[in-house]
Amino acid sequence: MTTNNPIRCDWCLSDPLYIAYHDHEWGKPIYDDRQLFACLCLESMQAGLSWITILKRREAYYRAFDDFDPAKIALYDDQKIDELMQNTGIIRHRAKICAIINNAKAYLAICQRQSFAQYLWGMVCADGKPIINHPTQLDEIPSQTKTSARLAKQLKKDGFTFVGATTCYAFMQAVGMVNDHLASCAFR
């Protein structure tokens with residue numbers, strides 16, 4: 001292995017943006033409330049799509065949704081939804097747009113009781129440390145787990161939408177609650 005060409009997880013090799021995401025973000029623990037909220041919103045936008053589709057639009061999502069400021073998003077009205085539906089930089093799916101608004105309200109309600117990071121990490125890893133898996137090939141990585149199903153169920157109970165077990169597992173991987181880098185990957 002050379003420093004110019006390290007071994008990476010196979011899923012990211014198709015695009016330079018994907019490679020940069022893999023190398024610098026995916027699987028790195030995030031404990032910041034707003035960052036976690038933004039990541040959950042973006043993962044919910046992925047439902048039915050590939051992650052690269054959302055990743056290529058991520059900056060547009062941040063612009064369209066006021067840098068994922070939940071207090072601002074919670075105030076969006078029908079006029080703002082119509083404006084977002086005209087934004088070609090994002091996926092123009094009304095239910096998904098409404099989910100971000102709804103989820104901002106649910107986020108704010110949770111943050112009145114505790115930090116969003118404590119809420120999420122406490123459901124996944126009580127000690128706040130990532131779950132480290134050691135897959136040797138991609139087909140060993142599940143699309144969902146009992147933990148992601150439990151997280152999805154609690155999020156839905158607390159008012160979130162577009163957060164199924166598969167979305168929650170992808171979110172857990174993205175924010176470093178679960179480290180599913182392949183055992184051979186230089187970025188474990």
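Modeller: Begin with burial. A residue counts as buried when its relative accessible area is under 20%. Keep in mind that this is a predicted model.

Biologist: Which residues of α8 are buried?

Modeller: They are F116, A117, Y119, L120, W121 and V124.

Biologist: What covers the buried residues of α8?

Modeller: The cover includes the helices α2, α7, α9 (146-157) and α10 (165-174). It also includes β1 (131-132).

Biologist: Now α2 and α7. At what angle do their axes cross?

Modeller: The axes of α2 (residues 33-46) and α7 (residues 94-111) cross at roughly 150 degrees and come within 10 Å. Angles over 145 degrees count as roughly antiparallel. That is therefore the label for α2 and α7. Their crossing is right-handed.

Biologist: Which residues of α2 and α7 are in contact?

Modeller: On the α2 side, D33, R34, F37, C41, S44, M45 and Q46. On the α7 side, K96, I100, N103, A104, Y107 and C111. The classes are seven nonpolar, three polar and three charged residues.

Biologist: How should I think about a nonpolar core?

Modeller: In soluble globular proteins, nonpolar side chains tend to be buried together. In this model, the largest nonpolar core has 61 residues.

Biologist: Which members touch the most other members?

Modeller: F65, F68 and F116 do. As for helices, α2 gives the largest share of this core, eight residues.

Biologist: What does F65 contact, leaving aside its neighbours within four places in sequence?

Modeller: F65 is in contact with I73, Y76, L84, I90, I97 and I100. Note I100, which is also part of the contact of α7 with α2.

Biologist: One last residue. Where is D10 placed?

Modeller: D10 lies in the segment before α1 (16-24). Beyond its neighbours within four places in sequence, D10 is in contact with L138 and L182.

Methods: Residues numbered from 1 in each chain as written. Predicted model: local features only at pLDDT ≥ 70, side-chain atom pairs only at ≥ 80, totals over all residues. Heavy atoms only, no water. Axes fitted to C-alpha atoms, helices over the stretch in contact; angles between N-to-C directions. Helix = DSSP H or I, 4+ residues; strand = E, 2+ residues; numbered from the N terminus. Parallel < 35°, antiparallel > 145°, perpendicular 65-115°, else oblique. Left-handed = near helix turned anticlockwise from the far one by under 90°. Contact = heavy atoms within 4.5 Å. Nonpolar A, V, L, I, M, F, W, Y, C, P; charged D, E, K, R; others polar. Buried < 20%, exposed > 50% of the residue type's maximum accessible area, 1.4 Å probe, protein only. Core = buried A, V, L, I, M, F, W, Y, C linked by side-chain atoms within 4.5 Å.
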